[in-house]
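Thank you all for coming.

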Amino acid sequence: AVHDVRAAVRFVKTEASLKANPNRVALIGDSAGGHLALLAALAGDLPPFADPGVATKVQAAIGVYGIYDLVRQWNHDQVYRPRDTITQQFLGAAPMDDRRVYFDASPISYATTANNATAVLLAYGDEDDIVDRGQSDDFLTALKQARFYARNAVLPGWGHYWMATSPEDPTTGSYQFAPKLLRFLGEKL
């Protein structure tokens, strides 16, 4: 999945017909897409994901109610979705069978000072029961400890799936988030 995101970034940065500025690229994703956006942004150019000589670094990444620590999400799923462990299905093993794959697939593993060039915005609702929201807080702390430019946007009263709502309707989570997103992108791109 990370290689697919890297291929998309590479295409956007090199396809002349898009007229994109390769120095002004951001990734955004929600839920599993938030996981992939942050994993590709922070680890895409590192082993085990990198292709020699092909850089796909982006300037900013936005995760919306994403999964950033796959062991923590696996533990959350044991309580809230015991018959639907999404991380185990995605990675093909339980943490006690292969901890390395959980570490490698967790964006929080790449929150290091040597890797802090990407600006990060994490957004989530404070009533999300699908994704363990504490992951966002722990990830934000790890990013700040590693001196990333990192911010969060917590939407009171919102759970999961609000990103697909209309940003023009004042009653939606997207409407509440849009100004924060635009300000972040304006500052970092």
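I will go through a pair of strands, then the nonpolar cores, and then some aromatic rings.

Please keep in mind throughout that this is a predicted model. Let us start with strand β3, residues 119-125, and strand β4, residues 150-155, which pair in the parallel sense over six bridges, and where Leu-122 stands opposite Asn-152 in β4. Together with helix α6, residues 134-145, these two strands make a right-handed β-α-β unit.

Now to the cores. The largest nonpolar core has 28 residues, and the members that touch the most other members are Leu-27, Leu-38, Phe-139, Leu-143 and Phe-148. Two or more residues come from each of α1, α2, β3 and α6, with α2 giving the largest share, eight residues. Apart from this core lies another, of 14 residues, among them Ala-60, Ala-119, Leu-155 and Phe-177.

Which rings pair with each other? There are four aromatic pairs, and in one of them the rings of Tyr-65 and Trp-162 have their centres 5.4 Å apart and their planes at 80°, so we call the pair edge-to-face, since planes over 60 degrees apart count as such. Tyr-65 lies in the loop between β2 and α3, and Trp-162 in the loop between β4 and α7, so the pair ties together parts that are 97 residues apart in sequence. Tyr-65 is buried, with a relative accessible area of 1%, and Trp-162 is buried, also with a value of 1%. Ring pairs link Tyr-65, Trp-162 and Phe-177 into a cluster.

Finally, look at Tyr-149: the charged end of Arg-151 sits over its ring, 4.1 Å from the centre, and Lys-188 lies over the face of Tyr-149, at 3.8 Å from the ring centre.

Definitions and conventions
Residues numbered from 1 in each chain as written. Predicted model: local features only at pLDDT ≥ 70, side-chain atom pairs only at ≥ 80, totals over all residues. Heavy atoms only, no water. Pairing = 2+ DSSP bridges. Helix = DSSP H or I, 4+ residues; strand = E, 2+ residues; numbered from the N terminus. Right-handed = clockwise from strand over helix to strand, strands pointing away. Core = buried A, V, L, I, M, F, W, Y, C linked by side-chain atoms within 4.5 Å. Buried < 20%, exposed > 50% of the residue type's maximum accessible area, 1.4 Å probe, protein only. Phe/Tyr/Trp six-rings, centres within 6.5 Å; stacked < 30°, edge-to-face > 60°. Lys NZ or Arg CZ within 6 Å of the ring centre and 35° of its normal.
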